[in-house]
Amino acid sequence: MSCKNENLICYGLREAGSSDFIEMEGYVMDKNVLPAYNKLKETLAKEGFLLRLESAYRPFERQLSIWNRKASGELKLLDANGIPMERPQDEEQLMYAILTWSALPGASRHHLGTDLDVVDGNACPPGYEVELTPAECNGMFAPFHKRLTELMDSEESAGFQRVFVPGRGKIQPEMWHIAHLPTSRRYLENFSLDRLKQIYEKTEIACKSALLDNLDKLAQEYIYPYFV
């Protein structure tokens, strides 16, 4: 399903080829974010860190693919500690298991083009494939995230902040996910839960019944807490 063709627009559901976007390091981001990203990269480079993208803009179809592949078992499910877990057979339990680390399609902040997953490229061993896990954040990337936290706390992070933090909503904390808040807030205003429901009704999405039955509750726990 194409959300654009159906005229069912939630926030950030723009095509990757939109004039709003620009390519950087093999990823796509909102062009208004690029100057801030370059500024933060320069600041960290002075201290020996290499700010490197692992993800940026993600279209609805991409998030839907991640969701469905986790539901089918093609992609592994991780528990709250980042440990692989068995796939629940109950649809509602499976839905919540996926939500531990994956956003709802159509409600992912990666749709905005203002949110980035980042690591320290200088800390990656040759040939290492980044997984974006708590173990990495507390291990090889710990000095990088410590410094990033300090820059954010002192408002020297060029407008970037973390949104998935302890005590906010039900999504597990993600130190690697940073958001350029001055830009993202413009798109959050356009979000419509009713439109998201319409999208799900017309989309081949795993756990559809559980999603539609619980969407209001899911919004309070997995969407609205991150409108910051």
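The legends below describe an overall view and several close-up views of one predicted protein model.

The model is predicted, with local features requiring pLDDT of at least 70 and side-chain atom pairs counting only at pLDDT 80 or more, while totals for chains, interfaces and linings use all residues. Residues are numbered from 1 along each chain as its sequence is written, and side-chain values use heavy atoms, with hydrogens and water left out.

**Figure 1. The protein chain as a whole contains eight helices and eight strands.** Helices (H or I, at least four residues) and strands (E, at least two) are DSSP runs, numbered from the N terminus. The radius of gyration of the chain is 17 Å, close to the 17 Å that the globule rule gives for 228 residues, so the chain is as compact as a globular protein of that length. The radius is taken over C-alpha atoms, and the globule rule is 2.2 Å times the number of residues to the power 0.38. The C-alpha trace spans about 50 × 40 × 30 Å along its principal axes. Buried residues account for 50% of the 228 residues; buried means under 20% relative accessible area, exposed over 50%, and partly exposed in between (1.4 Å probe, protein chains only). Of the contacts between residues at least 6 apart in sequence, 67% join residues at least 24 apart, where contact means heavy atoms within 4.5 Å.

**Figure 2. Helices α7 and α8 cross at roughly 150°.** Two packed helices are described by the angle between their axes and the distance between the axes. Here α7 covers residues 193–201 and α8 covers residues 208–223, and their axes come within 11 Å. Axes are lines fitted to C-alpha atoms, for helices over the stretch in contact, and angles run from 0 to 180 degrees between N-to-C directions. The two helices are therefore roughly antiparallel to each other; angles under 35 degrees count as roughly parallel, over 145 as roughly antiparallel, 65 to 115 as roughly perpendicular and the rest as oblique. The crossing of α7 past α8 is right-handed, a term used if the near helix is turned clockwise from the far one by less than a right angle, whereas anticlockwise is left-handed. On the α7 side, Leu193, Leu196, Lys197, Tyr200 and Glu201 take part, and they meet Lys208, Leu211, Leu212, Leu215, Asp216, Ala219 and Ile223 of α8. By class, this contact has eight nonpolar, no polar and four charged residues. Ala, Val, Leu, Ile, Met, Phe, Trp, Tyr, Cys and Pro count as nonpolar, Asp, Glu, Lys and Arg as charged, and the others, Gly among them, as polar.

**Figure 3. Helices α2 and α3 cross at roughly 125°.** Their axes come within 10 Å, and α3 consists of residues 91–99. The pair is therefore oblique, and its crossing is right-handed. Trp67, Lys70 and Ala71 of α2 meet Leu94, Met95, Ile98 and Leu99 of α3. Six nonpolar, no polar and one charged residues make up this contact.

**Figure 4. Helices α1 and α5 pack at an angle of about 120°.** The axis of α1 (residues 34–45) is 12 Å from that of α5. These helices are therefore oblique to each other, and they form a right-handed crossing. Leu40, Thr43 and Leu44 of α1 touch Phe144, Arg147, Leu148 and Leu151 of α5. The classes present are five nonpolar, one polar and one charged residues.

**Figure 5. Glu155 and Ala158 lie in the loop between α5 and β7.** Most residues other than glycine have a negative phi. Glu155, however, has a positive phi of about 55°, and Ala158 has a positive phi of about 60°. The loop runs between α5 (142–153) and β7 (160–162). Glu155 is exposed, with a relative accessible area of 72%.

**Figure 6. Lys76 occupies the loop between α2 (60–72) and β4 (77–78).** Leaving aside neighbours within four places in sequence, Lys76 is in contact with Lys70, Pro84 and Glu131. Lys76 and Ile223 are 147 residues apart in sequence and 23 Å apart in space, C-alpha to C-alpha.

**Figure 7. Ser19 is located in the segment before β1 (21–24).** With 58% relative accessibility, Ser19 counts as exposed. Ser19 and Asp30 are eleven residues apart in sequence, and their C-alpha atoms are 9.0 Å apart in space.
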